Amino acid sequence: MEQLINDFSPGLFFMQLLIFLVLLGLLSKFAWKPILNSLKAREGSIADALQSAENAKEEMAKLQADNQKLLQEARLERDKLLKEATDIANKIKEEAKSDAAKQADRMISDAKNAIEVEKKAALKEVTTKVAELSLEIAEKLIRKNLSDDKAQKALAEDFMKDLKLN
Amino acid sequence: MINPTIMRNALLLLLLISLINVNSLFAVAGGSEEGGQIDTKEEINEYIQHHLQDSHDFTFWTNGKTGTHIGFPLPVILWSDGLHVFSSSEFDHGHEVAESKDKYFALYHSKVYETNAEGEIKLDDEGHTVNAKPLDFSITKNVVGMLLTSLLMFIGFRSLAKGYGKTAIPKGVGRILEPLVVYVRDEIARPNIGPKYEKFIPYLLTVFFYIWILNLLGLTPLGFNVTGNIAVTVGLALITFFLTQFSGNKEYWKHIFWMPGVPIPMKIILMPIEVLGMFTKPFALLIRLFANITAGHVVVMSLIALIITMRSQFGIVASSSISFGLAFFITLIELLVAFLQAYIFTMLSALFIGMAVEEHH
């Protein structure tokens, strides 16, 4: 201890304090302050970057989920549209079928009617023709046999009766 | 290689003595006159003592045979009824008396004393000098070491600071310095001081690198022993002490003078203990650093001295090999110690400051 106290040099102590404090002052101003500020700024920017990367990741995941949902909805929509289209097509087909059938029926019935009318008309014509023929026949007969009016008349009536029956 | 003169010259550069464990070993007798070769245990011991002390000139090595010193003198600045400035070459390594403004100064055990014209050093019965000591503000070897360290630190950290202006990632020496700065901030300052750490970071960073670089310089053959000098460690510990006391908050002082939560008689007993604790903490700091570095220097030098002390037993080759192996191993440990002591000093400083600024709830 005595040796230590003897070795203690006040001058060196003073010089050491002076050098150290000057060094402390210089380094604080010119080195530590800018270094620590830069470190802090850099750490801040790194933390920010990490945070924004994290945010971007979340955003991405959200977007992806949204996309998936949209896709799902689109698929459902498509299926629905397809189904509707098929239904409509089927309906149209059915309708067309039934329309065609009706058309055919109507045409058939029209044709039947027309045939009926034609038949009737033809029959009427035939009747008329027969009557004319009969009249002609009768005329000829009359021209030949004008002697007996009564008999002629009865004969004509017979003819007529027969014609009507036809 | 076995030329003894070369070996001795190398020795003077490197140094010596194992303290107790070489008692049984004979040292080869040699010239013991002033400035002669170093051969005996006593001379080795003295050489180590000399190395541990500060020096007024910067000597790289000495030729023991011719007594010439290779190195350069340093300025001597004294205050004794006026300022005295002269070159340390005037002392001629303690052989001459320097005269300045009608006063005479001489070196005795590396210290400057006022003497008469003949350079007489008077000793009292206990062997202490009675001559007056001038205040010695010389640029000694230790001051050179501190200035060199300061310069290195300023250049290194200034370049790191400037580097941030260009890119966010440091280049060159900054790549090494930046992790260390971050380490001091995140591992030493923040956990020990707490949320108010930012105010104290400049001091902690400065003291950490200052001690570390000085410790490392001490391991180079330049032979600085700055952090192994009690005046230096006292200076550093005092700064920590004052920083702690001046940043102490109300709770800190309350814990010292009127410990809360204990009965009144205990408060009275605890007060002097706590007051003593204020001083023992920095005292432990200064002794720990001083003792560790001094011990390291003594051990390394003693191991190197084995070349001389074991020469007669094992021959020069074997003793040199043993010495080299051991000294190399210890030097590696000293590299670790250099960092460790800087770390411990900084860590404990941070811890003491942390205790003073801690908020109690």
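Helices here are DSSP runs of H or I with at least four residues, strands are E runs of at least two, and both are numbered from the N terminus. This is a predicted model, in which local features need pLDDT of at least 70 and side-chain atom pairs count only at pLDDT 80 or more, while totals for chains, interfaces and linings use all residues. Residues are numbered from 1 along each chain as its sequence is written, and chains are lettered from A and ligands numbered from 1 in the order in which they are written.

Let's start with chain A. Residues 46–91 of chain A are 100% helix and 0% strand, with end C-alpha atoms 66 Å apart. An unreviewed UniProt entry annotates this span as "coiled-coil region"; such annotations may be inferred rather than shown by experiment.

Now for the meeting of the chains. Chain A brings 28 residues to the contact and chain B brings 35, where residues are in contact if their C-beta atoms, placed from the backbone, lie within 7 Å. On the chain A side, helices H1 (2–7) and H2 (10–144) each give two or more residues, and H2(A) has the largest share, with 24.

Finally, look within chain B. The axes of helix H6 (residues 230–247) of chain B and helix H9 (residues 311–357) of chain B come within 8 Å and cross at roughly 15°, with axes fitted to C-alpha atoms over the stretch in contact and angles running from 0 to 180 degrees between N-to-C directions. H6(B) and H9(B) are therefore roughly parallel, a term for angles under 35 degrees. Among the residues making this contact are B:Leu243 of H6(B) and B:Phe352 of H9(B).

Notes: Two residues are in contact if their C-beta atoms, placed from the backbone, lie within 7 Å. Angles under 35 degrees count as roughly parallel, over 145 as roughly antiparallel, 65 to 115 as roughly perpendicular and the rest as oblique.
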